[in-house]
There are 2 protein chains.
Amino acid sequence: MEEELKSLLQDIESLKRSPSDAKALDSIDEMQQRVVRIMNLTKSGASRRSKVKDMSAEVVDSNPYSRLMALQRMGIVENYERIREFSVAIVGIGGVGSVAAEMLTRCGIGRLLLYDYDTVELANMNRLFFRPDQVGMTKTDAAVQTLSDINPDVVLESYSLNITTVKGFEIFTESLKAQGSHKSGRSTGVDLVLSCVDNYEARMAVNQACNELGQTWMESGVSEDAVSGHIQLLVPGETACFACAPPLVVASGVDERTLKREGVCAASLPTTMGVVAGLLVQNALKYLLKFGQVSPYLGYNSLKDYFPTMEMRPNPQCSNFACVERQKKYIQTKPARDAAAKAKMEAEASAAKEGPLHVENEWNISVVDDSEMETSNASSASGALPEGLTHELPSADKYPESLVVGEASPLVDDLEDLQRQLDALNAS
Amino acid sequence: MEEELKSLLQDIESLKRSPSDAKALDSIDEMQQRVVRIMNLTKSGASRRSKVKDMSAEVVDSNPYSRLMALQRMGIVENYERIREFSVAIVGIGGVGSVAAEMLTRCGIGRLLLYDYDTVELANMNRLFFRPDQVGMTKTDAAVQTLSDINPDVVLESYSLNITTVKGFEIFTESLKAQGSHKSGRSTGVDLVLSCVDNYEARMAVNQACNELGQTWMESGVSEDAVSGHIQLLVPGETACFACAPPLVVASGVDERTLKREGVCAASLPTTMGVVAGLLVQNALKYLLKFGQVSPYLGYNSLKDYFPTMEMRPNPQCSNFACVERQKKYIQTKPARDAAAKAKMEAEASAAKEGPLHVENEWNISVVDDSEMETSNASSASGALPEGLTHELPSADKYPESLVVGEASPLVDDLEDLQRQLDALNAS
């Protein structure tokens with residue numbers, strides 16, 4: 001196309017020199033043809049698909065949803081089209097968040113809220129999603145550009161802001177509260193928040209907002225050495241919040257001394273980030289569309305292809321006030337929940353004759369027994385970890401003060417002992 | 001841009017009607033400015049990054065390789081830049097293969113060979129990579145378009161052909177044999193073949209070519225119900241080939257009766273395919289760059305986030321003649337391999353004082369003991385499977401005849417018994 005445009009410019013230049021020349025008419029004809037060719041070139045490069053009103057299961061090449069609606073016919077998902085009613089917020093549009101956004105967009109999610117304050121750099125090109133021609137754009141603008149081309153049916157809202165600033169946090173929580181056109185029985189405006197940020201402060205901000213709003217969210221992370229990652233489900237009051245227990249990461253088994261040197265940029269790989277994004281969105285789909293089991297915590301050690309899982313109960317002594325309030329509310333509403341669960345079970349039992357092919361699991365998570373939770377304490381929240389899991393922060397004195405219950409508390413002793421055990425395990 | 005072009009066409013039209021008009025010169029000036037604007041618009045939308053001669057570890061925003069070279073400084077990879085010497089062939093540029101190609105391209109692989117006979121359809125848009133504006137292009141052309149924009153340093157070769165045809169198979173094997181500019185001590189022209197095809201015949205064709213050439217390859221697959229997948233390493237003569245044992249898949253636990261109905265298209269999800277592509281390329285990187293442990297077989301059950309692993313030894317009674325020849329050669333070369341391994345261990349022991357931080361594993365795989373292999377037989381190749389794994393083909397009478405050793409052979413009995421056990425397991 002560049003060549004065509006250059007030639008066009010030359011044509012105009014010569015026309016300018018002799019506008020009333022005998023050859024002028026011929027040259028104008030030629031110019032006209034050239035423009036038509038350029039228009040065709042442009043068109044083939046930017047043809048967007050039109051919006052699709054209803055998701056159809058029809059098996060034709062032109063149907064972008066046929067392979068998703070097939071999930072219904074195959075008995076995996078009861079009602080796939082419900083995906084259009086859901087709103088998901090993604091905080092951090094980097095190596096994990098951008099891929100998560102693309103996956104949800106291609107799945108036909110109803111509404112996506114995107115948050116990031118960064119711009120696209122060439123240094124991001126070793127991860128999926130962003131393209132070199134988007135360098136310099138904000139990550140949210142570049143994401144909206146790409147995602148709206150991929151699927152114009154998705155409602156995209158982008159927020160170029162830093163959620164760890166006072167102003168940014170305020171806009172963040174307000175945007176989560178704002179109800180979209182579909183409400184699907186939720187208290188906030190979104191059904192799920194996915195945290196795909198790369199630092200502790202931003203995770204604490206997401207944690208604070210979600211505890212305040214009673215908003216279920218999923219956390220994700222990739223290690224600085226690029227070879228391990230994790231995802232975690234957080235339901236305020238029901239599971240541990242991000243402040244209940246020191247954050248867990250999957251140990252890569254690589255000598256810690258080689259990591260976290262001063263002034264060294266973190267490594268990253270499109271593979272690890274793609275896997276973490278895939279596991280995150282797969283669990284988000286299971287949660288939203290009610291199929292399979294949502295993992296409370298899933299780690300990924302890529303050097304050994306090892307995937308530890310565990311559950312984390314909330315800490316009644318959690319330093320986060322909003323979390324403690326959510327825990328109280330969760331216990332208070334236990335009788336009502338039990339009654340509802342009993343009624344549902346009875347209704348299902350009476351409908352068992354023509355019962356569904358696959359048993360539905362209301363929230364797709366294995367709920368922690370309330371009586372256990374009531375007796376849990378700080379040390380049980382930091383109890384034995386599965387092999388290969390370790391805490392993100394290397395020693396107790398580096399934990400934020402609010403997390404340390406008291407001087408020489410059992411929590412700190414347990415953690416130091418645990419760290420020694422894990423160090424020995426990783427060294428072996 | 002479309003509007004600008006339309007206006008330009010109108011300008012030319014009016015100029016054509018009155019070429020010697022007094023206003024002609026003004027209008028020509030305007031046209032000139034318009035074309036310059038169009039050129040600028042085109043440029044901003046298609047600015048490609050220039051080629052990078054040497055991979056640098058410099059931590060600047062403009063360096064597309066800084067986050068990859070950091071793997072070296074962090075002690076994960078000994079020499080990341082070696083990636084430029086490797087050639088990888090990807091067969092099948094669909095939901096898994098296209099993402100695998102993008103990951104390797106962003107990692108800066110030296111040369112990629114892409115094989116597919118299909119064209120892009122809107123029905124592919126529920127998986128990553130292809131864009132709606134590429135509908136109608138061959139998948140290989142569309143992939144080259146996208147990948148060369150992302151990373152112009154990668155040498156891309158595309159083959160739009162069907163490897164299961166006689167002619168296609170011939171071009172396929174010839175292209176694998178052709179040496180690139182970097183040889184890195186390999187016998188064929190590629191270091192690794194990744195199979196990302198979606199059918200049995202194409203897998204058998206890849207298996208045949210790789211057995212004939214002694215070419216190490218990795219197989220990948222996603223189930224028809226979109227919720228499980230697997231990857232597998234195949235080293236001719238050393239591990240089971242694709243014909244040695246009936247192909248394994250990860251059971252989703254979903255009732256088989258709801259699957260594989262006549263005339264029903266397969267379901268697919270960008271999540272499952274993204275995870276499988278990520279696990280596949282991560283293992284390819286571990287194999288090529290010699291870090292971590294390459295998984296001989298890794299399954300993914302997304303409903304339960306369960307990842308079974310296992311090893312599969314070659315079957316001395318394998319129906320594939322080339323496989324049996326490779327097995328014989330592998331046994332013949334055992335003394336030479338043992339001697340080389342011994343010499344290497346001794347050299348490492350003497351260098352132990354200033355030894356490397358992480359012990360190098362020559363081929364990054366846990367090699368099956370040769371003495372064990374020599375005594376292995378058909379029934380051991382189909383021995384006990386880890387929980388959740390099952391064979392892809394539901395009952396013995398559906399296996400290709402060449403795989404069945406004889407009437408009422410132990411292999412068939414074992415498999416039927418196994419199938420019953422797995423069915424019971426999946427039903428529970």
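**Close-ups of a two-chain predicted model**

**View 1. Chains A and B meet through the same surface.** 100% of the interface residues of chain A are interface residues in chain B too, so the copies meet through the same surface (contact means heavy atoms within 4.5 Å). This is a predicted model, where local features need pLDDT of at least 70, side-chain atom pairs count only at pLDDT 80 or more, and totals for chains, interfaces and linings use all residues. Residues are numbered from 1 along each chain as its sequence is written, chains are lettered from A and ligands numbered from 1 in the order written, and side-chain values use heavy atoms, leaving out hydrogens and water.

**View 2. Helix H4 of chain B is largely enclosed.** Helices here are DSSP runs of H or I with at least four residues, strands are runs of E with at least two, and both are numbered from the N terminus. In H4(B) (residues 97-106), 10 of the 10 residues are buried, so the rest of the structure largely encloses this helix (buried means under 20% relative accessible area, with a 1.4 Å probe and protein chains only). Among them are Glu102(B) and Arg106(B). Just past the helix, Gly108(B) takes a positive phi of about 80 degrees.

Key
Buried < 20%, exposed > 50% of the residue type's maximum accessible area, 1.4 Å probe, protein only.
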